[in-house]
Amino acid sequence: MLIPKTHPRAASLHIREKLVQGYRSGLVIEEGLIAHGRGEAFDYLIGEKTSKNALKAIKAAATALVSARSPVISVNGNLAALCPKEIVQLAKTVNAKIEINLFYNSEKRTKTIAHALKRNGAEQVLGVDQKFSRKIPRLDSARRVVDKRGMFSSDVVLVPLEDGDRTIALKKLGKKVITFDLNPLSRTAQTADITIVDNVIRGMKILIEMSKKLKKKKPVTAKFDNKKNLSQALVEMNNNLRRIAYA
Ligand code: PTJ
């Protein structure tokens with residue numbers, strides 16, 4: 001679809017188009033389109049821009065990733081469709097492994113996603129070869145299977161657009177969990193250590209830049225209160241709603 005640059009919601013329509021393309025090329029499943037729709041609604045509420053609370057969370061996330069012993073970026077269909085280049089750039093910047101981990105698992109889609117990441121410069125993609133599989137205990141979905149070289153032995157995991165059960169399971173395994181989630185009320189947003197309430201397509205770029213800056217100096221882990229930051233996100237949403245309603 002040709003979207004005129006002057007369209008008031010051009011950025012958001014471009015993002016939607018990426019998802020649709022991702023669906024057509026086999027990266028994304030139908031449920032991923034629904035998840036995206038939910039994200040779009042929340043993005044509208046935050047004014048389709050990166051907020052102050054998101055920047056605070058991004059700084060905390062960059063510090064955690066740069067200081068991690070063995071960081072991992074968990075990739076699902078939506079993330080692969082929205083920001084394949086940024087996944088690879090961030091992995092190279094913070095020396096993280098890239099691991100495919102799907103909620104609606106299929107070998108074919110895993111391979112399609114791995115090819116897309118490699119086309120965008122990834123050297124190694126974990127989660128493809130089953131001989132390295134390990135299971136997260138007490139988790140039912142296909143996402144319980146992780147790579148022993150990646151998520152299983154990691155200390156910090158970035159899991160954008162994640163489902164709640166898995167976030168809780170990763171936390172129980174002692175991992176520091178960072179997520180992107182436009183819905184500050186989702187179980188993932190509420191249980192992660194660091195929740196970035198921003199569209200992953202905007203936030204990933206900022207996360208890369210911030211990580212590059214922090215890498216140059218020794219990052220100091222400042223206190224970060226996720227619950228407080230999420231409350232701030234809700235306050236900002238509420239203020240935006242009032243602005244829209246009374247404009
Ligand atoms: O590719 P798979 O099989 O691993 O499946 C991926 C989906 C996304 C379908 C699966 O993880 C899922 O069902 O996720 P949920 O439980 O719908 O959660 C997705 C969360 O991401 C929701 O809270 C959305 O609001 C949020 N979200 C959607 N799009 C974006 C987003 N957050 C940040 N940026 C987005 N672009």
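A polar contact is a pair of N or O atoms within 3.5 Å. The legends below apply to a predicted model.

View A. The side chain of N199 has an N or O atom 2.8 Å from a nitrogen atom of the ligand. At V200, a backbone N or O atom lies 3.0 Å from a nitrogen atom of the ligand.

**View B. Packing of helix α1 with helix α2.** Helix α1 spans residues 10–24 and helix α2 spans residues 30–45; their axes come within 10 Å and cross at roughly 170°. Angles over 145 degrees count as roughly antiparallel, and α1 and α2 are therefore roughly antiparallel to each other. On the α1 side, S12, I15, R16, L19 and Y23 take part, and they meet E30, G32, L33, H36 and E40 of α2. By class, four residues of this contact are nonpolar, three are polar and three are charged.

**View C. Packing of helix α3 with helix α9.** Helix α3, formed by residues 52–67, packs with α9 at an angle of about 50°, and the two axes are 9 Å apart. This angle makes α3 oblique to α9. The crossing of α3 with α9 is right-handed. Residues L55, I58, K59, A61, A62, T63, L65 and V66 of α3 meet G203, I206, L207, M210, S211, L214 and K215 of α9. The residues of the contact comprise ten nonpolar, three polar and two charged.

**View D. Packing of helix α5 with helix α9.** The axes of helix α5 (residues 84–94) and helix α9 (residues 200–216) come within 10 Å and have a crossing angle of roughly 15°. Angles under 35 degrees count as roughly parallel, and α5 and α9 are therefore roughly parallel to each other. Their crossing is left-handed. From α5, the contact involves E86, I87, Q89, L90, K92, T93 and V94, while α9 contributes M204, K205, L207, I208, S211, K212 and K215. Six nonpolar, three polar and five charged residues make up the contact of α5 with α9.

Terms used
Residues numbered from 1 in each chain as written. Predicted model: local features only at pLDDT ≥ 70, side-chain atom pairs only at ≥ 80, totals over all residues. Heavy atoms only, no water. Axes fitted to C-alpha atoms, helices over the stretch in contact; angles between N-to-C directions. Helix = DSSP H or I, 4+ residues; strand = E, 2+ residues; numbered from the N terminus. Parallel < 35°, antiparallel > 145°, perpendicular 65-115°, else oblique. Left-handed = near helix turned anticlockwise from the far one by under 90°. Contact = heavy atoms within 4.5 Å. Nonpolar A, V, L, I, M, F, W, Y, C, P; charged D, E, K, R; others polar. Polar contact = N/O pair within 3.5 Å; in protein donor to acceptor, adjacent residues only side chain to side chain.
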